[in-house]
Amino acid sequence: MSAFKTLATVMLKELAEIFRDRKIIINGLLLSPLLFPILILGMGALAENRAKTQLESELKLPIIGADIAPNLVAFLATQNITAEAAPEDPDALIRTQEKDVILRIAPDFAEDWRASRAATVEIVHDSSRQDSQIPVRRVERALQSYSRQAGAIRLIARGIDPSLGTAVSVTYRDLATPEARRGMLLAFLPYLLILTAFLGGAYLVMDATAGERERQSLEPLLATPAGRGAIMSGKIAAACAFGMIGLLLTLLSFKLSFAFVDSGPFKGVDVSMLAVGKLLLVLLPMVLIGTTLLTLISASVKTLKEAQSYMAFLMLLPILPTIILLVNPVKNALWMFATPFLAQNQLILMVLRQEAVTPLQWAVYLAAGFGLGGLLWLFAARLYHREQLAISA
């Protein structure tokens, strides 16, 4: 029997076995395509509703010393910011999250105002609370607007053109495309896709080696004249095929879900079939790396439970690039496309932002990805040739 025929036979055998189990099909192929879009679109809708509520609704602002600056209080009311009675312990209200922001007007505010000096107001808030950011920004913008208007009136009263106080007028020209801005909103998507590609065939590949070894069904297969490398390759090919099917269903579910979004941050996101094809190509080496690594682990342990114990560690690997880029953002460099997980993260973002990937970047990425997968395959093949592999625990 030729090596290719052995590979194909083992691959079809593993796929036939796994497709007989309806629970595995539901959990492995259908759960991610259903849950990921619901999770992402649900988060987007929740964030949009929260932002609208905080931006458009009346903001009730406790003001300490409101009687000192009645004109300021009246101006805030025009900005839909209503003054509330001063609390006895403002710091406690902030710490207990009863209030998002409190304004304290300095006792010498009126004296400084009449003397045309900068009068002091203090914004009391907790910067570690994300839900207080929008109310704090609303108060800041209102105070800045009041300050600019009052300053301009003072200059006009003295016969001075207010524009003389502005030496430099700064304007902005944002070159970010709408696709790039929408790509920023999907910065978390690479982790989900990389995790799906990396561990999508985990159950199949672990059961095909560690599980069969534990059930003592691997020994008869290895005792056949077929080459062990071809047998292992067939199992890896089956897991890769299963993982790619799951990825394709997940990407198609995103495409379908975004097509029905008519509002919110994800409005206008278009995942074309060309983008789906590029994403599949980007994730193909990761599918190979994941299945060969899991085969290597499964061939080195004695039981399926022992193989599954590595899953917690393996699930952390895809998130490392996200953490690194969060604390240390870097520009794209060629070496990144040869770095596992980081390369996939950058390429997925480039595809979502509709940025061009150069042939050199593709070449470096595919060579490094398939090269690492081939290296892991060699290590796993060495373990498959050990006689101890056929012996169950």
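Ile245 is partly exposed, with a relative accessible area of 34%; buried means under 20%, exposed over 50% and partly exposed in between (1.4 Å probe, protein chains only). Ile245 lies in helix 11 (residues 228–259). Together with Phe19 and Leu249, Ile245 forms a nonpolar surface patch of about 230 Å² accessible area. Patch members have over 30% relative accessible area and no salt bridge, and nonpolar side chains are joined within 5 Å. A salt bridge is a Lys or Arg side-chain nitrogen within 4 Å of an Asp or Glu carboxyl oxygen.

The model is predicted: local features need pLDDT of at least 70, side-chain atom pairs count only at pLDDT 80 or more, and totals for chains, interfaces and linings use all residues. Numbering runs from 1 along each chain as its sequence is written, and side-chain values use heavy atoms, without hydrogens and water.

Four strands form an open, mixed sheet in the order 2-1-3-4. Strands 2 and 4 stand at the edges, each with a single partner strand, so one side of each lacks a neighbour in the sheet. Strands pair if DSSP finds at least two bridges between them. Strand 3 and strand 4 run antiparallel, joined by five bridges. Ile105 has Val121 in strand 4 as its bridge partner.

| Strand 2 | residues 81–84 |

Overall, the protein has 17 helices and four strands, DSSP runs of at least four residues (H or I) and at least two (E) respectively. Of its 393 residues, 42% are buried.

How values were computed:
Patch = residues over 30% accessible without salt bridge, like charges linked within 9 Å, V, L, I, M, F, W, Y side chains within 5 Å. Areas by Shrake-Rupley, 256 points an atom, 1.4 Å probe, with all protein chains shown as cover.
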